[in-house]
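Trainee: Could you take me through one part of this model up close? I'd like a single residue and its surroundings, in plain words.

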Amino acid sequence: MLGGKRVKPLSHPFMRYVVKRLAMAAVVFFVALLLIFTLPRLIPGNPLAALVQRITVQLQTDPELVKEVEKALTEQFKLNEPIHVQFIDFLSDVIRGDLGLSILFFPLPVSLLIATYLPWTILL
């Protein structure tokens, strides 16, 4: 009660502002996640093929193993699942804080890379 009157929770201008901003932040967060998930799938080329190439060159493996390595990595990154299942898995992993493995710095986790370079970024 405020001055003898009962106040509705969202009738105060500040509360409406906070709720509106939180809703906008949630929408922006979802759109950002959607772009992060979608854009790598739209660019030409196949990052997985480049990763397999790099692994086979570094290990100097038999060319017949390339197909097996590609199949194993496809299963590890869940690229054999339908796109909507991949997106749901991606969202659940991000919510849990698991950002996955880096393709560029394979097999390092993305969260480790962020933790490594974040202090230097903040210092800049």
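Mentor: Helices here are DSSP runs of H or I with at least four residues, numbered from the N terminus. Before we dig in: this is a predicted model, where local features need pLDDT of at least 70, side-chain atom pairs count only at pLDDT 80 or more, and totals for chains, interfaces and linings use all residues. Residues are numbered from 1 along each chain as its sequence is written, and side-chain values use heavy atoms, with hydrogens and water left out.

So, is glutamine 86 buried or exposed? It counts as buried because its relative accessibility is 9%; buried means under 20% relative accessible area, exposed over 50%, and partly exposed in between, using a 1.4 Å probe and protein chains only. Its side chain reaches the backbone oxygen of glutamate 81 at 2.8 Å. If you skip the neighbours within four places in sequence, glutamine 86 is in contact (heavy atoms within 4.5 Å) with Phe37, Arg41, Lys78, Leu79 and Glu81.

Let's follow some of those partners. Lysine 78 sits in the loop between helix 3 (65-76) and helix 4. This residue is partly exposed, with a relative accessible area of 37%. Its phi is positive, about 60 degrees, although lysine 78 is not a glycine.

Now for the aromatic side of things. The structure holds 4 aromatic pairs; rings of Phe, Tyr and Trp (its six-membered ring) pair if their centres lie within 6.5 Å, and planes under 30 degrees apart count as stacked, over 60 as edge-to-face and the rest as tilted. Phenylalanine 37 and phenylalanine 87 have ring centres 5.1 Å apart and planes at 65 degrees, so this pair is edge-to-face. Since phenylalanine 37 lies in helix 1 and phenylalanine 87 in helix 4, the pair ties together parts that are 50 residues apart in sequence. Both phenylalanine 37 and phenylalanine 87 are buried. Ring pairs also link Phe30, Phe37, Phe87 and Phe90 into a cluster.

Arg41 and Phe90 come up again at the largest pocket: they are among the residues nearest its centre, and 25 residues line it. A pocket, on a 1 Å grid over the protein atoms alone, is an open set of points where a 1.4 Å probe fits, with protein on both sides within 12 Å along at least five of seven lines; lining residues have an atom within 4 Å of a point. Helix 1 (13-42), helix 2 (47-59) and helix 4 (83-96) each supply at least two residues of that lining.

Key:
Polar contact = N/O pair within 3.5 Å; in protein donor to acceptor, adjacent residues only side chain to side chain.
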